[in-house]
Every structure is written in C-alpha cells, then in structure tokens.
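Please read it with the coordinates open.

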Amino acid sequence: MAEIAFVNVTKRYGNTVAVDGASFTVADNEFFCLFGPPLCGKTTILRLILGLETPDSGEILIDDRPVTHVGPAERNIAMVFQNLALFPHMTAEQNIRFPLVERRVPEARIRERLAHAAAKLHIGHILHKHPAQLSGGERQRVAIARALVRDPIAFLMDDPISALDARLREEARVELKRLQREAGRTLIYVTHDQEEAMSVADRMAILDHGRIRQIGAPVALYDRPNSAYVAQLLGSPPINLLPPGLLPGARADAVQVGIRPEDVEVRPGAGARVTGVEPLGGYTVLTIEAQGASLRAMLRGQPAYAPGQSIAIGAAPERMHFFGPEGERLAS
Amino acid sequence: MTRSPLIELLRYAAILLAVAITLVPILWMVSIAFKPVAEWQAAGADLTWIPRDPTLENFRYLFGRSDSALIVALERTATRPILASILAASFGTLIAMTAGTAAAYGLSRFGAGANLPLALIQLRLFPPMAVMIPVMIMWAFLSLMDTWWGLALIYGIVTLPFAFWLMKTFFDDMPREIEEAALVEGCTRLRVFLKVTLPMMRAPLASATLFVFILNWSDYLVALLLTTRQWATIPVYMASLSSSMTGQLYGAKAALGLIAAVPPVILGILIQRHLVRGLTFGALKQ
Ligand SMILES: Nc1ncnc2c1ncn2[C@@H]1O[C@H](COP(=O)(O)OP(=O)(O)OP(=O)(O)O)[C@@H](O)[C@H]1O
Ligand SMILES: [Mg+2]
C-alpha cells in the first residue's frame, strides 16, 4: 500500500515558484492525474515525490511517514521520465533488467520478471536493440517496462505516451489503465491532454502556476468546476465564457456565464448568426456570433444550419455556470 | 545548385594547396628518413622525393646499431627519450583527464566550486613559459627535475584546463534525467557515475584524451627546461641530434620524427570508433 500526501509543499527555483503550497492526498491504488498547462509544476511534483528535489517548506508523507530524509533509491517508487531517460549504451533488455540487477534480485527471478514485463508491453521482439534503433513508441514501451519490471509501491509517469499519434494514444491509455489495475499500485500520471486525463483518472488535480486549483473525479470537475480556469481547461471544444446578458435566464450578479458547447440550444430565429460549420461525423460544431461575442455549439448529427443563417440561442439555466469577478464559482 | 566550372576549378585548387601545405613537410620527412647519409647530407644534396638508395640505416643509427663509417656513433640512443616521452605524456594525460573529468562532473552536477572555471581560464591566460622559472625552482626543491614523473605532473597541470572545459561541456549536455533514472532505480551516486555516466561518456572521453595526449606529446619547451639527460623527451633529444663533423643529423631526425608520429596515430585509430558515436542519441524522445 502506498498513500502519498503533500502537506502545504512549496518548491522554488530562484524566483519561480514551481509548486506553491500544494496539499493533496493520493489514496492507495488510485489512478491520480496531474493536469495543467505547460510549466505549471507537474514534473516538479513528481520529482518531489521521488526525492530528486526537496521541498522548501511543507512536508511529503508516504504512508503517513515523512520522507524528507529518505533518498530516491529507498523510496521504492518507479518513474517514467518525460524524456524517457533510457540508458543509451544498453540494449532494451539491459535497460529493463537494470532496476532488478541493481537490487541484486536473483537471475532466475529477473528472467521471469523480464519476460512478464516484455509480454505485457509487447516488446519481446525488440529486446536486443539499443534505444537509438527503436521508434518513439517502442522507446516509450521500454521505458514503461523498466518501471513495471520491479514491484514498487507506486508508479509515476510523466506524460509517458505523448510521442504516439492520436489513435495509438487512445489504445495506450486503455492499456495503461488495465496495467495499473492489474498491478494494484498507486499511479500518479501527468498529462497535458485533457481527454486523456479525464478518460483514465480516478481523480485528478488541476494545476495553475504551481497552485492546485481543484481536485476531484473528472466528471465532478467537468460538471462543477470551482473556477472559470478549471472550466476552461476541461472539455473540447472548450466551454463558452460569455457576458451575463447574452443568454436568457442567467444570473444578474455573475461576471461571466459559462456554458458548455453541448448545452447550447440552437433553433431558427433571430439574435445570433452562424459564422462557421464544422461537420465532425456524429456531431456538428457551430461557431456563432451573438451581440459581438463568439461562442460554439455542439449539436448531434449532420449540419442543419448554414453559415450566415440567422438563429436564436438559449440554454437551460441549470446547465449554466456562474463565475464572479475573480473567476470563482458563485454559490448557488 | 550548380556552380560555374571556374569556381569549381578554384575550389579544387584551393583544396589542393591546403593539402600540399599540410603534406609536403610530412612527405619530405618520410623521404629523408629512408635516405642514406650521402643523400641527406647538405653536401650531397640533389633533391629527390624517392630515395635512390632506400635504407633503414637512419633507424638503426638511432638505436646504436649502425655500422656506417660516415658518421660518429651516438652517445645516447633514442630508446630512453622514447620511453620518457611515452611515460610523461601518458601519465600527464592521465592526471589531466582524471582531475579534469572529476572537476567537470562535480561542477556540472552539483555546482561545486563555482569559481573553478574562471580560475582554470586564468591558467591559460598567460603562456606556460611565463611560470616555468618558478616551477623549475620548485621542481628542483622537490627533486622532480629531470624525472619523467616531474614532467608528467607539470603536463597534467598545464593541460588540466583543456580536459576540464571539454568534459564540462559534455557533462552539461547530458540530460540529468538519465542519471536520475539510475538513482531512482536503486543506484548509489558512485554506481551511477561508473555504470551510466562513464559508459555514456566514452566518446567525449576518447576525444578529449586524444586531444590532451597530443598536446603533451608535442611539447618541447617545458621538457627542455625540466629535463636534461636522464629523461629528456623525444623533441629535446631530437634537438641534440647533431655532430661537429656532419652538422645536423637530418636523416636521424627524420627517422625519429617518423617514430614520434606513431603513438598519436595509433591512439587516434584505436579511439576513432568512439569518436563518431553520438552522445545520447536514442536515449530521449523524438
Ligand atoms: N531545475 C530547474 N531550475 C530552474 N527552474 C526550474 C527547474 N525545473 C523546473 N523549473 C521551473 O519550475 C516551473 C515548473 O516546471 P515543471 O517542469 O514542473 O513544469 P511542467 O508542468 O512539468 O511543464 P511541462 O508541461 O512543460 O512538462 C517552471 O516555471 C520551470 O521553469
Ligand atoms: Mg514536465
């Protein structure tokens, strides 16, 4: 079991605050996602958990024990680095064996674990090659195998499948989710792809310049974002943030009204105009101009509107999100 | 893009000229090395590229095996100077590379000794000759005069900045995550260095070693000041190759020059394999 907790952790590099008073607890066996725009501190959080960096203030607890004075080797956590960090002078097999050899695991056991990891990641046929001879996707598999081969208390993965193209990435994330279930270990997973984060995570944390803005299950964050910032990061196409007067039924005290594209209701009428139509197969995305503001609507099925067409828009008040002057969610 | 024939012609002419400037002295040395006394002596000089009567006499002469009546036998053979050069240059290179690599690693990874780079540049700001007089006095005090180890020590000190700077750039370019991966996987710092860093640094180490060795190998002035008879190196010994009867012994000098070119060439061939290897190619994404 491994429960990993941050208590008010701050990490600075010179003048940049990479992690700013972060507090969260990752439960044992949880698939926990760190999500946020570039340079928001995702990698730094992983490095702090590994013990490669020490916090300037605050405390990190693993299974309720402070780990400030525990070195990276003793923490028994496996990591897939953002740049993979394979050993270029070793073959794929030597790379994967490395963690076990260094821990003096008997040869018979190493063989068994190696075969197991290679089978799981389908890399049996490339074990004799050096990293330079592998494709990007194969390298990622080798890096993941190197982490999976031993039995750590937790896995950390820093955007491990970003080098794959979209379709392979979809397959890979399903597979990763399965691997994590089978291993029965905590997995802290970094990604910059909101869809990936939402599809795999049990819970996710949204980061903003080193600060944690919201933690929760993906669907909960999607449905009840606590700020305009969080609302904007999740969902594709992104949420529409509109001035309050635009949609009938919006609260008057809101500074911004958020409405997801799939919640925008469109019918023939007046008050708005279609400026763009993107047919995407199962659904259609309309770009709409209304009172100088631009918004997008996502409709089921084939396009029923043409550019230039005059329409009326609306939304159910319970689907609207109301944000105050600081972007905070207004209490209902 | 096609260049005009004239430009093409000029280009080849320029290349030819550069090659000639580089090769002519070397070829001339090779030629003389195999000429008998009569052919290389100033008196009998009619210049030919190919020796009319090629001989190994010059080489034999260097090692005291000559039976020629034309020149006086050498007082000292070339054996010891060759040994002196090999010892001083090799151990000097070893000192510079060991200390330089360690310093570069410490600075690159842990920021230890942040003023070191400047201090080492300062060591190169003036010619080594400027400090040779104090060094001579010190070396005399330490009984290091005219010893190969004394020479190796000063070689190590003089070439240390080169070793340091070369290795520092290589260490700086190596992504820290590779070492950190080993650290996370259970290695101690020392094991990370031995099992990951050093093997990855083979190519840079090889090229830096070759560079430093050639610097040490070709030194003349330092050895001239710090050695006299016992451990004179090849260049110092070469300068003494003359006799009152025949003047400069060009044949023997050329032969010795040819011998002196062998170690760097062998070293170069040995490590060439590593020189072409990329540093971290394949370790990272993309
Ligand atoms: N070693 C370092 N020295 C100085 N600043 C650093 C260092 N590592 C990280 N930072 C800074 O800390 C902040 C957070 O960086 P971090 O690498 O954690 O971001 P990230 O969320 O992983 O970004 P990305 O999505 O690009 O991987 C950034 O502003 C970065 O410039
Ligand atoms: Mg990162």
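Predicted model: local features only at pLDDT ≥ 70, side-chain atom pairs only at ≥ 80, totals over all residues.

1. Chain A holds an open sheet of 6 strands with mixed pairing. The strand order is S6-S7-S8-S3-S9-S10. S6 (77-80) and S10 (211-216) of chain A are the edge strands. Each has a single partner strand, so one side of each lacks a neighbour in the sheet. On average, neighbouring strands of this sheet are turned by 15 degrees against each other, direction ignored.

2. The S3 and S8 pair. In chain A, S3 (residues 31-35) and S8 (residues 186-191) run parallel. They are joined by 5 bridges. In one of the pairings, A:Leu34 has A:Val190 in S8(A) as its bridge partner.

3. The helix across the strands. Helix H1 of chain A covers residues 42-50. H1 lies across S3, S6, S7 (154-158), S8 and S9 (203-208) of chain A. Its direction is at about 150 degrees to S7(A).

4. The magnesium ion. Which protein atoms are the donors of ligand 2? They are OG1 of A:Thr43 and OE1 of A:Gln82, lying 1.8 to 2.3 Å from the magnesium ion. The pair links distant parts of the chain, 39 residues apart. A:Thr43 sits in helix H1 of chain A, while A:Gln82 sits in the loop between S6 and helix H3 (92-102) of chain A. A:Thr43 has a relative accessible area of 27%, so it is partly exposed. A:Gln82 is at 38% relative accessibility and therefore also counts as partly exposed.

5. Ligand 1. This ligand lies between chains A and B. The residues around ligand 1 include A:Tyr13, A:Pro38, A:Cys40, A:Thr44 and B:Arg176. A:Thr43 and A:Gln82 are also among them. For A:Gly41, a backbone N or O atom lies 3.0 Å from a ligand oxygen. For A:Lys42, a polar side-chain atom lies 2.7 Å from one. For A:Gln82, a polar side-chain atom lies 2.8 Å from one.

6. A:Gln309. Where does A:Gln309 sit? Its place is the loop between S15 (293-300) and S16 (310-314) of chain A. A:Gln309 is at 28% relative accessibility, so it counts as partly exposed. A:Gln309 and A:Val274 are 35 residues apart in sequence, yet 5.4 Å apart in space, C-alpha to C-alpha. Leaving out residues up to four places away in sequence, A:Gln309 touches A:Ala272, A:Arg273, A:Val274 and A:Ala304.

How values were computed. Residues numbered from 1 in each chain as written. Chains lettered and ligands numbered in written order. Heavy atoms only, no water. Pairing = 2+ DSSP bridges. Helix = DSSP H or I, 4+ residues; strand = E, 2+ residues; numbered from the N terminus. Axes fitted to C-alpha atoms, helices over the stretch in contact; angles between N-to-C directions. Contact = heavy atoms within 4.5 Å. Donors = N, O, S within 2.8 Å, 3.2 Å for Na, K, Ca; no water. Buried < 20%, exposed > 50% of the residue type's maximum accessible area, 1.4 Å probe, protein only. Near = heavy atom within 4 Å. Polar contact = N/O pair within 3.5 Å; in protein donor to acceptor, adjacent residues only side chain to side chain.
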